[in-house]
Amino acid sequence: MQNKESFPVNEETLNLLINKLVEINMLLNKEIIELSNEELKKNKIYKLSSIYISLVNRAVELNSGYISLFSLKNYITAISLLRIQIENCLRFHALRTLDNMPHSIDEFLNGKELRKLTGNNGKPLTDTYLSKELDKLYPEYKFSELYKEYCEIIHFTGFYQNIGNEFLNKENGVSATLFLGGGSANPHFNIENKINYTLSLFYSTKIIYRMFSTYCKIVKGEI
């Protein structure tokens, strides 16, 4: 994918990106099937594979939910899914860098939070650390910027106050307009922002796809 600044800002670009989300969902499902078939052939089920498959299935469903919500013009709910997809990237990378596997995998399956485990020779698996590590691996996606930008979306912050209100200074005082709902009547959700949100979701999913497809190749003995 090109950088978002090089895309024309129009409905055609938005539709292209929505189609890209559909396509990458198909690719992820294909990888799940091929990985499952490979393990069936070996008569083995790897714990890490089962975790990854659950995470990837979650990623696919998030994309599907985003597309459905966009079609209903429920943009406020749709963009909240972005932060969850970003979390999927963080968790996937954390799992593949865990110290002391397979013991750490068992601890995770028994309920221990990943941030309380370590990876890469003792480094705490905090979100900030993981986002910077993903930046090193995939610099073209500027992941740490995405992480910082969308943290405020998952929490109720000033972001929601700013997109829901418009204040104008007039001669006789300040006028305020409140925008209820999250549809196209809300000026925040112009075509440029809708493209940027959708592109960010695609980039996040692309990182998941690259990590998962690499893992699948390792299991299949291709690398």
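Helix α3 (residues 75–96) and helix α5 (residues 127–137) pack at an angle of about 80 degrees, and their axes lie 10 Å apart; here axes are lines fitted to C-alpha atoms, for helices over the stretch in contact, with angles running from 0 to 180 degrees between N-to-C directions. The two helices are therefore roughly perpendicular to each other, a label given to angles of 65 to 115 degrees, while those under 35 count as roughly parallel, those over 145 as roughly antiparallel and the rest as oblique. The model is predicted, so local features need pLDDT of at least 70 and side-chain atom pairs count only at pLDDT 80 or more, whereas totals for chains, interfaces and linings use all residues. Residues are numbered from 1 along each chain as its sequence is written, and side-chain values use heavy atoms, with hydrogens and water left out.

On the α3 side, Arg-83, Cys-89, Leu-90, Arg-91, His-93, Ala-94 and Arg-96 meet Asp-127, Leu-130, Ser-131, Glu-133, Leu-134 and Leu-137 of α5, contact meaning heavy atoms within 4.5 Å. The residues of this contact divide into six nonpolar, two polar and five charged, where Ala, Val, Leu, Ile, Met, Phe, Trp, Tyr, Cys and Pro count as nonpolar, Asp, Glu, Lys and Arg as charged, and the others, Gly among them, as polar.

A search of the whole structure finds zero disulfides, a disulfide being a pair of cysteine sulfur atoms within 2.5 Å. For Cys-89, the nearest cysteine sulfur belongs to Cys-151 and is 13 Å away. Cys-89 counts as buried because its relative accessibility is 0%, buried meaning under 20% relative accessible area, exposed over 50% and partly exposed in between (1.4 Å probe, protein chains only). The sulfur of Cys-216 is too far for a bond, because the closest cysteine sulfur, in Cys-89, is 16 Å from it. Cys-216 also counts as buried, at 1% relative accessibility.

Ser-104 sits in helix α4 (residues 103–109) and, at 5% relative accessibility, counts as buried. Leaving aside residues up to four places away in sequence, Ser-104 touches Leu-98, Asp-99 and Leu-117.

Turning to the chain as a whole, it has eight helices and four strands, taken as DSSP runs (helices H or I, at least four residues; strands E, at least two) numbered from the N terminus. In order from the N terminus, the elements run α-α-α-α-β-β-α-α-α-β-β-α. Its C-alpha atoms fill a box of roughly 75 × 35 × 30 Å along the principal axes, and 44% of the 223 residues count as buried.
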